[in-house]
Structures are given as structure tokens and as C-alpha cells.
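Here is a protein model to look at.

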Amino acid sequence: VIDDPLNATAWCLRGNYYNDAFGQFDTALESYNRSLELDPEYAYAWFSKGVTLQNLQQFDEARACFEKAVQYDPSLAGTISRIRQ
């Protein structure tokens, strides 16, 4: 799946794949964490991690990720406000 193991975007997309297609949330979280190790300011990885944590009903952790996402990309605020519980 990942041609470049140092590509933060590829790791994030891998996480989305496991979250969306298979509901393998642990694998998705591992992928987002790897993405964020490579690029700690990658807003979409923070956002995606928040969605997965929300799927796991870990709302406090999800909120923290969403806050990081908006910190790095304020344009995500509207999207986040529509999906948060």
C-alpha cells in the first residue's frame, strides 16, 4: 500500500482505508500516528485520527485531535463542527 514509508500522506490515506473500508480502527490509528510522527503539523491526519476516535466513542481524545487539526488548518473548522457529537 505504501511505496514510500516516509510519506505522511500515504500513511494517512492508509488509515482512512482501514477506518472506512474495514472498520479496523486500531490499524487506522497506528497509520495516523505514523503519519503524525512524520509530519506533526499534518492537519488532515489529525482530523482523520479524530474521526476514528469518535467512531470508537473516545470523544475527549477525538476533540483534542480536532483542535489540533484546526490549529494547523483553520478551514477544517466547518467540517468538524458538522461531524462532532
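**Helices and two residues**

Reader: How does helix 2 pass helix 3, in a left-handed or a right-handed crossing?
Author: This is a predicted model. Helix 2 covers residues 25–38 and helix 3 covers residues 43–55. The crossing of helix 2 past helix 3 is left-handed.

Reader: Are helix 2 and helix 3 roughly parallel or roughly antiparallel to each other?
Author: Their axes come within 9 Å and cross at roughly 155 degrees. Angles over 145 degrees count as roughly antiparallel. So helix 2 and helix 3 are roughly antiparallel.

Reader: How many residues of the contact of helix 2 with helix 3 are nonpolar, polar and charged?
Author: Helix 2 brings residues including Phe25, Leu29 and Tyr32. Helix 3 brings residues including Trp46, Lys49 and Leu53. The contact residues divide into 8 nonpolar, 5 polar and 1 charged.

Reader: Is Asn16 buried or exposed?
Author: Asn16 sits in helix 1, residues 8–22. Its relative accessible area is 13%. Buried means under 20%. Therefore Asn16 is buried.

Reader: With which side chain does the side chain of Asn16 make a polar contact?
Author: Leave out residues up to four places away in sequence, and Asn16 touches Ala21, Tyr32, Tyr44 and Ser48. The polar contact of the Asn16 side chain, at 3.4 Å, is with the side chain of Tyr44.

Reader: Is Gln57 buried or exposed?
Author: Gln57 lies in the loop between helix 3 and helix 4. It has a positive phi of about 60 degrees, although it is not a glycine. Its relative accessible area is 61%. Over 50% means exposed, so Gln57 is exposed.

Key
Residues are numbered from 1 along each chain as its sequence is written. This is a predicted model: local features need pLDDT of at least 70, side-chain atom pairs count only at pLDDT 80 or more; totals for chains, interfaces and linings use all residues. Side-chain values use heavy atoms; hydrogens and water are left out. Axes are lines fitted to C-alpha atoms, for helices over the stretch in contact, and angles run from 0 to 180 degrees between N-to-C directions. Helices (H or I, at least four residues) and strands (E, at least two) are DSSP runs, numbered from the N terminus. Angles under 35 degrees count as roughly parallel, over 145 as roughly antiparallel, 65 to 115 as roughly perpendicular and the rest as oblique. A crossing is left-handed if the near helix is turned anticlockwise from the far one by less than a right angle, and right-handed if clockwise. Contact means heavy atoms within 4.5 Å. Ala, Val, Leu, Ile, Met, Phe, Trp, Tyr, Cys and Pro count as nonpolar, Asp, Glu, Lys and Arg as charged, and the others, Gly among them, as polar. Buried means under 20% relative accessible area, exposed over 50%, partly exposed in between (1.4 Å probe, protein chains only). A polar contact is a pair of N or O atoms within 3.5 Å; within protein, one must be able to donate a hydrogen and the other to accept it, and residues adjacent in sequence count only if both atoms are side-chain atoms.
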